[in-house]
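Here is a short tour of one protein model, written for someone new to reading structures. Have a look at the picture first, then follow along with the text.

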Amino acid sequence: MNLYEKLDGDVKRAMKDGNSLKVSVLRMVLSAVKTLQIDKNIKMLDDDGIIQILQRHVKQHRESIEQFTKGGRGDLADKESAELKILEEYLPEQLSAEALATIVKESIAQTGAVSRADTGKVMKAVMEKAKGKADGKAVSALVGQLLK
């Protein structure tokens, strides 16, 4: 079963269970998938493409939570947090800090990076290896630390 089928099946289960929040979040993701399929003229988007869409939505929700919290809107921040938890269920398990550090160090060695000017090369190599298992902000911070 691919990720699209899992999302579609979970929408149906959530509808039967009466979980309107999960239904709306998953429909939002499925809508984004279908829009991308139409835009790129693809019959079926692969799991990596769906994971990228999920990551984009997770990032948006994290930013919204931060903004709502700063604005004193705890009610909206709580709603965004609940939606974020639903989205995170479908992402691959995130790498531990140690595993991520190992990948970053390997990538630095492979690319021959020596200064912060090489951050882009290292980021590209790390993100290819991590493929949805690491947050871009965390990777960027770690690369910046190691390339002083």
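To talk about packing, we need one term: a contact means that heavy atoms lie within 4.5 Å. Keep in mind, too, that this is a predicted model.

Let's start with the whole protein. The C-alpha trace spans about 55 × 45 × 30 Å along its principal axes. Out of 148 residues, 36% count as buried. If you take the contacts with a separation of 6 or more, 58% of them come from residues 24 or more positions apart.

Now zoom in on helix α6, which covers residues 119-130. From first C-alpha to last, α6 reaches 16 Å with its 12 residues, close to the 16 Å expected at 1.5 Å a residue.

Which residues of α6 are buried? They are Val122, Met123, Ala125, Val126 and Ala130. Viewed down the axis of α6, these buried residues fall within an arc of 165 degrees, so they line one face of the helix. What do they pack against? The buried residues of α6 meet α5 and α7. On the face turned away from the buried side, you'll find the exposed residues Gly120 and Lys124. Just after α6 comes Lys131, which takes a positive phi of about 35 degrees.

Here are the helices that matter for this packing story, with their residue ranges:

| Helix | Residues |
|---|---|
| α5 | 97-111 |
| α6 | 119-130 |
| α7 | 136-146 |

One more stop: His57, which is found in helix α3 (residues 47-70). Is His57 buried or exposed? Its relative accessible area is 10%, and buried means under 20%, so His57 is buried. Leaving out residues up to four places away in sequence, His57 touches Met28, Ala32 and Leu87.

To wrap up, α6 has a buried face that packs against α5 and α7, while Gly120 and Lys124 are exposed on the face turned away. In α3, meanwhile, His57 is a buried residue.

Terms used. Residues are numbered from 1 along each chain as its sequence is written. This is a predicted model: local features need pLDDT of at least 70, side-chain atom pairs count only at pLDDT 80 or more; totals for chains, interfaces and linings use all residues. Side-chain values use heavy atoms; hydrogens and water are left out. Helices (H or I, at least four residues) and strands (E, at least two) are DSSP runs, numbered from the N terminus. The expected span of a helix is 1.5 Å times one less than its number of residues. Buried means under 20% relative accessible area, exposed over 50%, partly exposed in between (1.4 Å probe, protein chains only). The arc is that of the directions from the helix axis to the C-beta atoms.
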